[in-house]
Amino acid sequence: MLFSSITFLYCFLPCVLLVYFVVPDRMKNTVLLLASLFFYGWGEPKYLAIMILTILVNYTGANYISRSRNLIHRKLALAVSAVASLGLLAYCKYADFFIGNFNAVTGLSIPLLKVALPVGISFYTFQILSYVIDVYRGDVPAQRNFIDLAMYVAMFPQLIAGPIVRYSDIAGSLKNRKTTLADASEGIKRFSIGLAKKILLANSAALLVSEFKAYDEKTVLFYWLYAAAYMLHIYFDFSGYSDMAIGLGRIFGFRFPENFNYPYISSSITEFWRRWHISLGSWFRDY
């Protein structure tokens with residue numbers, strides 16, 4: 001289910017907002033968790049098992065790290081959590097890649113596993129790892145409430161395309177948050193900007209990219225137009241989704257980090273990567 005789809009805009013989102021703002025505060029995280037699991041399982045329900053397994057492993061590992069006073073045991077629990085999370089990610093993302101290359105080198109014909117990559121697995125893997133590492137470092141206390149932790153990991157606004165939201169950034173908002181009229185207004189505005197980027201700009205640029213690929217006779221000018229259209233499509237698609245995620249988070253009372261800062265005005269490659277997908281770059285820097 002895409003943020004720009006009719007199903008999301010006219011069915012899913014209105015129903016979630018209605019239920020969310022009607023139920024008492026103690027039920028809001030449960031509503032968000034159930035809505036997020038439904039949202040994620042809309043396309044392929046089987047991938048819910050991978051997400052829930054990841055949450056269970058890291059919930060158990062973080063709580064063990066928090067209780068243990070033995071440094072070796074703490075390090076072992078951290079290693080198990082990291083290996084389990086990254087192992088699932090690597091298996092889904094690179095299993096067929098390694099088998100294909102192994103076949104090319106050895107001349108064997110080991111059949112490919114044809115593992116489909118679960119949507120958003122990179123984002124929620126990095127998020128849950130940041131939580132466990134922060135607990136190990138003593139930066140945040142372990143979350144005892146499984147529903148609250150699961151909601152943080154599975155929260156549908158930022159689940160599919162980020163930004164990567166660290167647990168430490170929203171730990172205080174998991175239990176105590178209020179959505180004011182100003183928050184809702186700002187969230188709707190930001191969501192609308194992101195939706196316009198996606199529908200009006202990214203999708204329009206994608207049409208030119210498709211025309212280029214389908215056309216047989218290509219001129220030098222057409223190549224330049226294709227390059228510019230592809231560049232704009234990638235940016236407006238990705239940043240549009242980030243804007244929509246940040247806007248939705250604001251409506252629900254969360255403040256998500258910015259993910260783009262005008263990357264195409266950068267004067268160097270280094271500056272470009274500081275401005276593009278900011279939450280991912282800062283994650284690799286800190287973890």
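1. Phe-3, Phe-8, Phe-12, Tyr-20, Phe-21, Phe-38, Phe-39, Trp-42, Phe-156, Tyr-241 and Phe-252 are joined by ring pairs into a cluster, where rings of Phe, Tyr and Trp (its six-membered ring) pair if their centres lie within 6.5 Å, and planes under 30 degrees apart count as stacked, over 60 as edge-to-face and the rest as tilted. The model is a predicted one, in which local features need pLDDT of at least 70 and side-chain atom pairs count only at pLDDT 80 or more, while totals for chains, interfaces and linings use all residues. Residues are numbered from 1 along each chain as its sequence is written, and side-chain values use heavy atoms, with hydrogens and water left out.

2. Across the whole structure, a search finds 41 aromatic pairs. One of them is the tilted pair of Phe-3 and Phe-39, with 6.0 Å centre to centre and 35° between the planes. This pair links distant parts of the chain, since Phe-3 belongs to the segment before α1 (6-22) and Phe-39 to helix α2 (residues 25-41), 36 residues apart; helices here are DSSP runs (H or I, at least four residues), numbered from the N terminus. Phe-3 is buried at a relative accessible area of 3%, and Phe-39 is buried at 2%, buried meaning under 20% relative accessible area, exposed over 50%, and partly exposed in between (1.4 Å probe, protein chains only).

3. The rings of Tyr-40 and Tyr-124 form an edge-to-face pair, because their planes stand at 85°, with the centres 6.2 Å apart. Tyr-40 lies in helix α2 and Tyr-124 in helix α5 (residues 121-137), so the pair ties together parts that are 84 residues apart in sequence. Both Tyr-40 and Tyr-124 are buried.

4. The charged end of Lys-28 is over the ring of Tyr-20, 4.6 Å from its centre, and Lys-218 lies over the face of Phe-212, at 5.1 Å from the ring centre.

5. Helix α10, which has 32 residues, reaches 46 Å from its first C-alpha to its last, close to the expected 46 Å, the expected span being 1.5 Å times one less than the number of residues. Just after α10, Gly-253 takes a positive phi of about 95°. Val-220 is found in helix α10 and is exposed, with a relative accessible area of 63%.

How values were computed: Helices (H or I, at least four residues) and strands (E, at least two) are DSSP runs, numbered from the N terminus. A charge sits over a ring if NZ of Lys or CZ of Arg is within 6 Å of the ring centre and within 35 degrees of the ring normal.
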